[in-house]
Amino acid sequence: MLTIKSSRNGKFTSALIVALLLSIVSLASIAEEALKPLTAEKTHKTAIHDMVDQLNRRHYVKLTLNDDFSGKLLDAFIDDLDPNRLFLLKSDIDEFQKYRTRLDDELKKSDLSAGFYIFNRYRERMIVRLQYIQDSLAKTVPAMDFNVNEDIELDRTDAEWPADQAEANEIWRKQIKNRVLGLRLAKKDDKAIIELLTKRFKNQIKRMKQLEAEDAFQIYANAFASLYDPHTDYFSPRISENFQINMSLKLEGIGAVLQMEDDYTKVVRLVPAGPADKQGQLQPADRIIGVAQGKKGEMQDVIGWRLDDVVDLIRGTAGSFVRLEVIPAIAKSDETHHEIIIERNEVKLEDQSAKGEMIDITDSDGEVHQVGVIHVPTFYLDFEAYRMGDTEFRSTTRDVHRILGELLSQGAEGIVIDLRDNGGGSLAEANGMVGLFIESGPTVQIRQANARVLREGKRRSSPYYTGPLAVLINRMSASASEIFAGAIQDYQRGLVIGTQSFGKGTVQSVNALGHGQLKLTESKFYRISGDSTQNRGVIPDIAFPPLYNKEDIGESVLDNALHWDRIPQTNHNYYFDLKASIDTLQRKHEKRIAKDPDFLFLQEQISIVEGLRNKTHLSLNIDLRKKERDTQKVQQLAMENRRRVAKGEEPLESLEEDSADELAMSDEEVEAKAETDKDDEDKDKEPDPLMTEASHILVDALPYFLPERLARRP
């Protein structure tokens, strides 16, 4: 299963491509074949009319189409087209200013001429530059001098637009030089580099020339929708079909949510228990630059491809293999990449279902405690079985209730609910699961666009688990996960441990248009304390080092994300005075992890990543780049060996990946190896240091959950 998104706000669009060029030439030198301008069709005018109407009537945020809105739309549209300011000139931007106060008036009349005019100019600029650089590669690549001390700016999103052709030429010279240097460091010779880049640019030119009016409208419509909030999207008919497939969980693929970022296909998140998640190598914020079919298929370079075309390549039948060439999230240049082999499959409900396990924790006095862990990858409900009256229908609440009973019967002294990477799902199931841990009461408040506030929760008093409880979250815990964690925290029913959650606290509906569909935000979540989960998410009682960077992942990263705010709290009591325990638990936690090799390793990794993230420029000197790369490898090896030695394991001589060995295997051998690896993993499962520490914290907190410490009960 694949979900497709675009760049600036994570939009569901077939986004355009950013290419690398060396120079600007006059538009008059466009290839002999004249490029026919794209114009809006009648269906697009109908769709924009319907969008204006629905957004005005139904969206949670009430915006006025005025001159201020028009200026914001102009800026958003240009940023979506050319986010790194590499194609359009300042003269283009100056010319477009004539639309700064006109776009709102045109929208009211369903007039799309300005949007298409800007789009056509951008498309022309891109094709001219691509053609020029493609024609120049044979001469420019061999002449490049990589001994010169110069560098390239890594992020141009806030840079000035190129003032003239001379300034643009210098920007593109460094862009191309950086690409060539990366390929040289990847051990490709000039001939191979020229062939690869030529093929890449030819593909990009072809795709740019094949763009249709629907592509232009889709980007313009989404720039318009994005001003309301980042989860309001226009779906073209083709994207609507992909969205419906995604929602049904029937598409066979790798289980990843993708978006465009500049000319790269970026991983937003992985579907829990999907093929990529199970394989374990692909990570959020990784960039996919190549796709190959099977073990022996030719790797197709997909830099600059349309997102939906990349998605089509990655999709495939269950049991087949796809090979991805990936640049890791922390890498700043193209020379750092590796291949990942994933077996396609259907994401099945049973794979995403809750699972339990028991782990042993030894406290500071040497006493062993048993802690039950319940892993909940998503909040699910088998709607079809429920609708058909099947009394054995699967749901999160039913499964967790069963597992909870099993763990308690085995002697669990406390329970940890693992919501890491749980992106949400059924709100009803999140509410139902809260009901397993409280006697009765509200769990969430929902404020609608008309300001009406609805409250949902457990209305009837019934038996519930009264013992020690902790909830483990991370940055990828979102939506329904945040409702559950927030309710447990507000009731002081259990401890929340981990990292700040995603902050997705809005509700969307999908509505038909005359052409395509519109997904719009219609309400907002609030905790029973009155705090919104939007933007801020849930702040843990005891924080762990973040595995995901908050500046790359989370609601707060998205443009026009709705703000955090408060409404009146609901009447609710609390179960334990857990706030009084936090300082003591925090001191014990810090003392323990100061000697934990896995936590020390994690903190070292985060420190290195922070250092890389703070880099604003990258050297174009080959010796300096090699030195930087080698230094990183030495650091990584030293860190890994410090961890291994501290755990009593043998140090490694080098950090070699086994992907090269897998590439030499047949598909059948890879499948057999995967089964063997799974069996070995089940027999000798690697401990999860974050879960182990969360369980230690719960054991430390056992005295605070004693019956005599019960506070006011609802």
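**Ground rules**

I number residues from 1 along each chain as its sequence is written, and I use heavy atoms for side-chain values, with hydrogens and water left out. Since this is a predicted model, local features need pLDDT of at least 70, side-chain atom pairs count only at pLDDT 80 or more, and totals for chains, interfaces and linings use all residues.

**Whole chain**

I looked up the secondary structure and found 21 helices and 22 strands. Helices (H or I, at least four residues) and strands (E, at least two) are DSSP runs, numbered from the N terminus.

I then checked burial. Of the 714 residues in the chain, 56% are buried. Buried means under 20% relative accessible area, exposed over 50%, and partly exposed in between (1.4 Å probe, protein chains only).

The accessible surface comes to about 31,000 Å². Carbon and sulfur atoms account for 49% of that surface. These areas come from the Shrake-Rupley method with a 1.4 Å probe; for residues, only the protein chains shown count as cover.

I also looked at contact range, where contact means heavy atoms within 4.5 Å. Among contacts between residues at least 6 apart in sequence, 77% join residues at least 24 apart.

**Helix H6 and its two partners**

Two packed helices are described by the angle between their axes and the distance between the axes. Axes are lines fitted to C-alpha atoms, for helices over the stretch in contact, and angles run from 0 to 180 degrees between N-to-C directions.

I took H7 as the first entry. H6 and H7 (residues 190-210) pack at about 130 degrees, with axes 10 Å apart. The pair is therefore oblique. My cut-offs are under 35 degrees for roughly parallel, over 145 for roughly antiparallel, 65 to 115 for roughly perpendicular, and oblique for the rest. H6 passes H7 in a right-handed crossing. A crossing is left-handed if the near helix is turned anticlockwise from the far one by less than a right angle, and right-handed if clockwise.

H6 brings Ile 176, Arg 179, Val 180, Leu 183 and Arg 184 to this contact. H7 brings Asp 190, Ile 193, Leu 196, Leu 197, Arg 200 and Phe 201. By class I get 7 nonpolar, no polar and 4 charged residues. Ala, Val, Leu, Ile, Met, Phe, Trp, Tyr, Cys and Pro count as nonpolar, Asp, Glu, Lys and Arg as charged, and the others, Gly among them, as polar.

Next I looked at H18. H6 (residues 165-185) and H18 (residues 622-646) pack at about 55 degrees, with axes 11 Å apart. These two are therefore oblique to each other. Their crossing is right-handed. On the H6 side I find Asn 178, Leu 181, Gly 182 and Leu 185. They meet Ile 622, Arg 625, Lys 626 and Arg 629 in H18. This contact has 3 nonpolar, 2 polar and 3 charged residues.

I stayed on H18 for Arg 643, which is found in that helix. Arg 643 is buried, at 14% relative accessible area. Its C-alpha atom is 6.1 Å from that of Phe 601, 42 residues apart along the chain.

**Helix H14**

Is H14 enclosed or open? In H14 (residues 427-434), 6 of the 8 residues are buried, so the helix is largely enclosed by the rest of the structure. The buried ones are Leu 427, Glu 429, Ala 430, Asn 431, Met 433 and Val 434. Their cover includes helices H13 (396-409) and H15 (480-490), along with strands S14 (414-418), S15 (441-448), S16 (453-458) and S20 (517-526).

I then checked H13 against H14. Their axes come within 8 Å and cross at roughly 25 degrees. That makes H13 roughly parallel to H14. The crossing is right-handed. Thr 396, Thr 397 and Val 400 of H13 touch Glu 429, Gly 432 and Met 433 of H14. I count 2 nonpolar, 3 polar and 1 charged residues there.

**Positive phi**

Most residues other than glycine have a negative phi. I noted two with a positive value.

Ser 479 has phi near 55 degrees. It lies in the loop between strand S17 (469-473) and H15. At 14% relative accessibility, Ser 479 counts as buried.

Asn 535 has phi near 75 degrees. It sits in the loop between S20 and strand S21 (542-543). At 18% relative accessibility, Asn 535 is buried too. Its contacts include Phe 502, Gly 503, Glu 555 and Trp 564. Asn 535 and Phe 502 are 33 residues apart in sequence and 7.4 Å apart, C-alpha to C-alpha.

Definitions and conventions
Lists of a residue's contacts leave out its neighbours within four places in sequence.
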